[in-house]
Amino acid sequence: MIVGYARTSTTEQKAGLEAQLRDLSATGCERIFREEVSSVDTDKRVELEAALGFLRDGDVLVVTKLDRLARSVKHLLEIVDRLDAKKADLRILGMGIDTGTPNGRLMLTILGGIAQFEREIMLERQREGIAKAKAEGKYKGRKPTGEDKTTELRRLVEAEGVAVPEAAKRLGIGRATAYRLIQRTPAAA
């Protein structure tokens, strides 16, 4: 059986998900698992786990791109080992790779290493850019999420008698942030 797996990092990437689903369907996937979650959140990639659990002897897992499947060479090789244990193969459409062949397995390992290298270089440049911007006083980081809601938080808690957790929920801030803001700012006189 040909099984597809499609993933986008966020729910806003509808076009990317639709394109993957289209390509997987065109390849003849009989079952497609899909999810909208970051590759870093491995514990939340429920559909990937379901796809890997679904595969049987002789099946093929198909993805459109390598970065839709694995976050690093180590993770990729772990997935390939799991596929090997099930006697299933991996096909990556965008790279023309099929691990059912010795050449495909070699190319997967080489290109996986290059992809990880590119990502690490990109993250290094990003860190350097942030450090430079901080040194020049141009980078302030993100604005604290609850600071601008302190007045409204105090009004809810002190004037209306709403419990802090409920007030935090209404304002869309974390409970711990709400408690911190209440403790940090003096009560209205």
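Biologist: Which residues lie nearest the centre of the largest pocket?

Modeller: This is a predicted model. The largest pocket has a volume of about 420 Å³. Its lining is made up of 24 residues. Those nearest the centre are Asp 67, Ala 70, Arg 71, Ala 115 and Arg 119.

Biologist: Which helix gives the most to the lining of the largest pocket?

Modeller: Two elements give two or more residues to the lining of the largest pocket, helix H3 (73-85) and helix H4 (102-135). The greatest contribution, 7 residues, is from H4.

Biologist: How do the residues of that lining divide by class?

Modeller: Gly is placed among the polar residues in this scheme. On that basis, the lining of the largest pocket divides into 8 nonpolar, 8 polar and 8 charged.

Biologist: Are H2 and H3 roughly parallel or roughly perpendicular to each other?

Modeller: Helix H2 (residues 46-54) packs on H3 with the axes 10 Å apart and at an angle of about 30 degrees. Angles under 35 degrees count as roughly parallel. H2 and H3 are therefore roughly parallel.

Biologist: Is the crossing of H2 and H3 left-handed or right-handed, and which residues make the contact?

Modeller: The crossing of H2 and H3 is right-handed. From H3 the contact takes His 75, Ile 79, Arg 82 and Leu 83. By class, the contact of H2 with H3 holds 4 nonpolar, 1 polar and 2 charged residues. From H2 the contact takes Leu 48, Glu 49 and Leu 52.

Biologist: What is the orientation of H5 to H6?

Modeller: The axes of helix H5 (residues 150-159) and helix H6 (residues 164-171) come within 9 Å, crossing at roughly 140 degrees. Roughly antiparallel would need an angle over 145. H5 is therefore oblique to H6.

Biologist: How many nonpolar residues does the contact of H5 with H6 have?

Modeller: On the H5 side are Glu 152, Leu 153, Leu 156 and Val 157, which meet Val 164, Ala 167, Ala 168, Arg 170 and Leu 171 in H6. By class, the contact of H5 with H6 has no polar residues, 2 charged and 7 nonpolar.

Biologist: Are H5 and H7 roughly parallel or roughly perpendicular to each other?

Modeller: H5 packs with helix H7 (residues 175-184) at an angle of about 90 degrees, the axes being 10 Å apart. Angles of 65 to 115 degrees count as roughly perpendicular. H5 and H7 are therefore roughly perpendicular.

Biologist: Which residues in H7 does H5 meet?

Modeller: H5 puts Thr 150, Leu 153, Arg 154 and Val 157 into this contact. The contact of H5 with H7 has 5 nonpolar, 1 polar and 1 charged residues.

Key. Residues are numbered from 1 along each chain as its sequence is written. This is a predicted model: local features need pLDDT of at least 70, side-chain atom pairs count only at pLDDT 80 or more; totals for chains, interfaces and linings use all residues. Side-chain values use heavy atoms; hydrogens and water are left out. Axes are lines fitted to C-alpha atoms, for helices over the stretch in contact, and angles run from 0 to 180 degrees between N-to-C directions. Helices (H or I, at least four residues) and strands (E, at least two) are DSSP runs, numbered from the N terminus. Contact means heavy atoms within 4.5 Å. On a 1 Å grid over the protein atoms alone, a cavity is a set of points where a 1.4 Å probe fits but cannot get out, and a pocket is an open set with protein on both sides within 12 Å along at least five of seven lines; lining residues have an atom within 4 Å of a point. Grid points are joined across faces, edges and corners, and a volume is the space filled by probe spheres set on the points. A crossing is left-handed if the near helix is turned anticlockwise from the far one by less than a right angle, and right-handed if clockwise.
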